[in-house]
Amino acid sequence: MSEVEMLISGFFTKDGRKMMRVSFMRGKNFAEGLLPDGIIDRSEGFSQEELDRLEKFLRTNSGEIMEQAKTINPIRSWLKDK
């Protein structure tokens with residue numbers, strides 16, 4: 001896979017579960033997944049093999065990614081841009 005950027009969201013609650021979204025971008029291609037489920041639920045431009053590798057990455061690194069998400073403060077980030 002060529003260079004892929006990853007963005008992580010802060011936590012949100014869906015159906016009573018604490019979750020977060022992880023986005024992978026490569027040019028115009030994207031894939032979006034959810035943690036702690038470790039699944040890609042939306043994508044465009046990535047092959048099935050690449051999606052399988054991204055899901056494996058999510059499951060393998062879920063603890064570290066979720067720790068990073070704990071440090072995200074959307075209000076502070078929004079104010080910083082103003």
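Colleague: Let me start in the strands: which residue of E5 stands opposite Ala-31?

Modeller: Ala-31 faces Ser-43 in E5. Please keep in mind that this is a predicted model.

Colleague: What makes E4 and strand E5 a pair?

Modeller: A pair needs at least two bridges, and 5 bridges join E4 to E5 (residues 39–44), so they qualify. The two run antiparallel and form a hairpin with 3 residues between them, where Gly-38 in the turn has a positive phi of about 70°.

Colleague: How many bridges join strand E3 to E4?

Modeller: There are 7, linking E3 (residues 17–26) to E4 in an antiparallel arrangement. Met-20, for instance, stands opposite Leu-35 in E4. This hairpin has 2 residues between the strands, and Gly-27 takes a positive phi near 60°.

Colleague: Why is strand E4 called largely enclosed?

Modeller: Buried means under 20% relative accessible area. In E4 (residues 29–35), 5 of the 7 residues are buried, so the rest of the structure largely encloses this strand.

Colleague: How do you know that the length of helix H1 agrees with its 13 residues?

Modeller: At 1.5 Å a residue, H1 (residues 48–60) should span 18 Å, and its end C-alpha atoms are 18 Å apart, so the two values agree.

Colleague: And which residues of H1 are buried?

Modeller: They are Glu-50, Leu-51, Leu-54, Glu-55 and Leu-58. Seen down the helix axis, the buried residues of H1 fall within an arc of 140°, so they line one face. They pack against E3, E4, E5 and helix H2 (62–70), whereas the face turned away carries the exposed residues Glu-49, Lys-56 and Thr-60.

Colleague: What makes the contact of Arg-17 and Asp-37 a salt bridge?

Modeller: The cut-off is a nitrogen within 4 Å of a carboxyl oxygen; here N to O is 2.5 Å, so the pair counts. Arg-17 lies in strand E3 and Asp-37 in the loop between E4 and E5, so the bridge ties together parts 20 residues apart in sequence.

Colleague: How far apart are the closest N and O atoms of Glu-50 and Arg-26?

Modeller: They are 2.8 Å apart, in a salt bridge that links helix H1 to strand E3, 24 residues away. Glu-50 has 14% relative accessibility, so this residue counts as buried. Arg-26 is buried too, with 13%.

Note on methods
Residues numbered from 1 in each chain as written. Predicted model: local features only at pLDDT ≥ 70, side-chain atom pairs only at ≥ 80, totals over all residues. Heavy atoms only, no water. Buried < 20%, exposed > 50% of the residue type's maximum accessible area, 1.4 Å probe, protein only. Helix = DSSP H or I, 4+ residues; strand = E, 2+ residues; numbered from the N terminus. Expected span 1.5 Å × (residues − 1). Arc of directions from axis to C-beta. Contact = heavy atoms within 4.5 Å. Salt bridge = Lys/Arg side-chain N within 4 Å of Asp/Glu carboxyl O.
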